[in-house]
Amino acid sequence: MILPALAAGLGILPLGLNPYALIVLTFAYIYAAAAASWDLLAGYAGQLSFGQVAFFGIGGYTVALLAYHFPYWYWLSNPISATVIGILASVVFSVFIGASSVRMRGPYFAAVTFISVIVLQQIVIIFGDCGAQSVALPTRFDWAHKYCTGGQFGLMLPSYGAALFGDNRLTYWASLLYMIVSLASMMLVVRSRYGLYFKCIRDDEIAAQAIGINLTKYKLIAFAISAVFCSVAGSWYVLATGMVNTDMFGYGYNFLWIEMVVIGGMTTIIGTIPGALFVGIVSELLRANAAIALAVFAAIFVIVVRFLPEGILPLLRRKIGLR
Amino acid sequence: MADLLKVANLTRTFGGLVAVDNVSFDLGAGEMLGVVGPNGAGKTTLFNLLTGFLKASSGSIRFNGKDITRLEPHEISLLGISRTFQQVRYFQGMTVLETVTTPIILRKGNVKKAAAEALEAVGLKGKEDVLSKSLTYMELKSLEIARAIVTGPSLLLLDEPFGGLAREETEGIAKILKRLHEEERTAIIIEHRLGELVALVERLMVMNFGKKIADGQSKEVLDAENVIEAYVGRGWKSQ
């Protein structure tokens, strides 16, 4: 009920908003999808990962690097193929990290996921120094560009962003549609048998094993599924903005998503919509002073956890009777 | 009676402590065995060994002819051994219905029928949509039993089903256990309340300091001098 109503409301917004506001909202939708993937892993499966942003970066960089280095191999570098390759890379990475860390609990699991992001960010920086974002697109496949990531400055991709979708309004609608499809897919996952197994693991690992749940298997599945959705969010971010940089492997996003989930409502998936809109709009209002913004977000986080631990969405559901 | 469970020379040590010391016993299908003994006797450790939560230092466990000594807890559960815990373990964010349907979904069984029967059996019918965390302790104990019996396990392990309940609350659980007994379920029950236990099981096994010190007909076991000395005392019948 709540998702179609929200979608209809957000769908008509571009008719009355300026292009800048549309860009702010477009980012919020992409972050909502990425944050929901963290909610799936942490809220439903109880796996407190601080490395979710790794998959955002993998998805984003896969699309960007393929487009930048293989523009003439369109079968490989087109947005759909590149996104699928990003998904595969993310799943492989999630299984690699997951296999070594899902047997760990609490802070140990969080620490391993945290460190994995530092490693990826450093790899991007180390392999970045063979051209800058100002370098023109190669006219043909060029081995000199093989490992070029653009380093800390990243890459600009003129064929993506507004050039891909036409204009800001179309980018907005496409991103809104993407977010709805992404969240609806995640809702299907958490309402399937996998969602039940994830919740059992979250609530009591010993009881979960006692009823026959294979902890390692289903934790890995949760990790891989959330990696898929976050990877697609990263790919979409690059497609929608036409740029990529090491911020995509930055903790800033990870903490932003946690804030969105907590404010919107943990273990709801779609709570990330109000969460992302709130965080996105407040971020823009405080853009002039980043230090104040950080303090404000920290204060909001503490207040929500203390006085509204369920978040905005469950409160709305109770007040308006929405389901 | 064909042996469903064969435990041979089972031993588990924790450093210098021998928690389960060379314990052997068999259990036939349809049999109910009571396990008693003072705190720290190794009863729960025995359950943890049978269900794979602890691995044996030596000895073996065969279930339905298959060696399960080294299997993981979920593998043992899927083979048909269900258990409850001394301290209730439950899924607080799940409803009563979700709690009992999940084990069946995992085994691809008939969800509706089995869930309805299990909830009926433990008296939780009508509470399907209640969140587990909203239940009373007695209801949680019942739910834990429902979760264990819903898959129709070949062997049921109940760890202190009356534990933590006031005497007047035990009646509901006693009814559930009586019904399981009438259905000729195979079960091992750890319990300190001897009166309630003896009313259910014909056979008792007594443990002390990790060793099995007696195993046989309930009455004979409770009259044995070494059991009176180690555990029950002389006045237990008057309690």
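Modeller: Start with pLDDT, which is the predictor's confidence in each residue, on a scale from 0 to 100. This is a predicted model, where local features need pLDDT of at least 70, side-chain atom pairs count only at pLDDT 80 or more, and totals for chains, interfaces and linings use all residues. Residues are numbered from 1 along each chain as its sequence is written, while chains are lettered from A and ligands numbered from 1 in the order in which they are written.

Biologist: What pLDDT does chain A average, and where does it stay under 50?

Modeller: The average for chain A is 87, and 92% of the residues score at least 70. Residues 131-135 of chain A stay under 50, and the model gives them nine contacts beyond four places in sequence. Residues 138-144 of chain A are also below 50, with five contacts beyond near neighbours in sequence. A contact means that the C-beta atoms of two residues, placed from the backbone, lie within 7 Å.

Biologist: What makes α9(A) mostly covered?

Modeller: A residue is buried if 20 or more other C-beta atoms lie within 10 Å of its own, exposed if 12 or fewer, and partly exposed in between, with C-beta atoms placed from the backbone. In α9(A), eight of its 11 residues are buried; among them are Tyr197(A), Phe198(A) and Ile201(A). Their cover includes α2, α8, α10 and α11 of chain A, and also α3 (96-106) of chain B.

Biologist: What does α9(A) supply to the side of chain A that touches chain B?

Modeller: Between the chains, 15 residues of chain A are in contact with 20 residues of chain B. α9 (193-203) and α10 (205-210) of chain A each supply at least two residues of that side of chain A, and the largest share, six residues, comes from α9(A). By class, this side has seven nonpolar, three polar and five charged residues. Ala, Val, Leu, Ile, Met, Phe, Trp, Tyr, Cys and Pro count as nonpolar, Asp, Glu, Lys and Arg as charged, and the others, Gly among them, as polar.

Biologist: Why is Ser81(A) called partly exposed?

Modeller: Ser81(A) has 17 other C-beta atoms within 10 Å, so it is partly exposed. Ser81(A) lies in helix α5 of chain A. Beyond its neighbours within four places in sequence, Ser81(A) is in contact with Trp75(A) and Leu76(A).

Biologist: Why does Ile149(B) count as buried?

Modeller: Ile149(B) has 26 C-beta neighbours inside 10 Å, so it is buried. Ile149(B) is in helix α5 (residues 137-149) of chain B. Apart from neighbours within four places in sequence, the contacts of Ile149(B) are Ser82(B), Ala118(B), Ala121(B) and Leu156(B).

Biologist: Why is strand β7 of chain B called largely enclosed?

Modeller: Five of the five residues of β7 (residues 155-159) are buried, so the rest of the structure largely encloses this strand. Leu155(B), Leu157(B) and Asp159(B) are on one side, with Leu156(B) and Leu158(B) on the other.

Biologist: How do you know that β7(B) pairs with β6 and β8 of chain B?

Modeller: Two strands pair if DSSP finds at least two bridges between them. β6 (residues 81-83) and β7(B) have three bridges and are parallel, with Arg83(B) opposite Leu157(B). Four bridges join β7(B) to β8 (residues 187-190), also in the parallel sense; there Leu158(B) stands opposite Ile189(B).

Biologist: Why do β6 and β10 of chain B stand at the edges?

Modeller: The open sheet has six strands in the order β6-β7-β8-β3-β9-β10 (chain B), with mixed pairing. β6 and β10 (211-217) each have a single partner strand, so one side of each is without a neighbour in the sheet.
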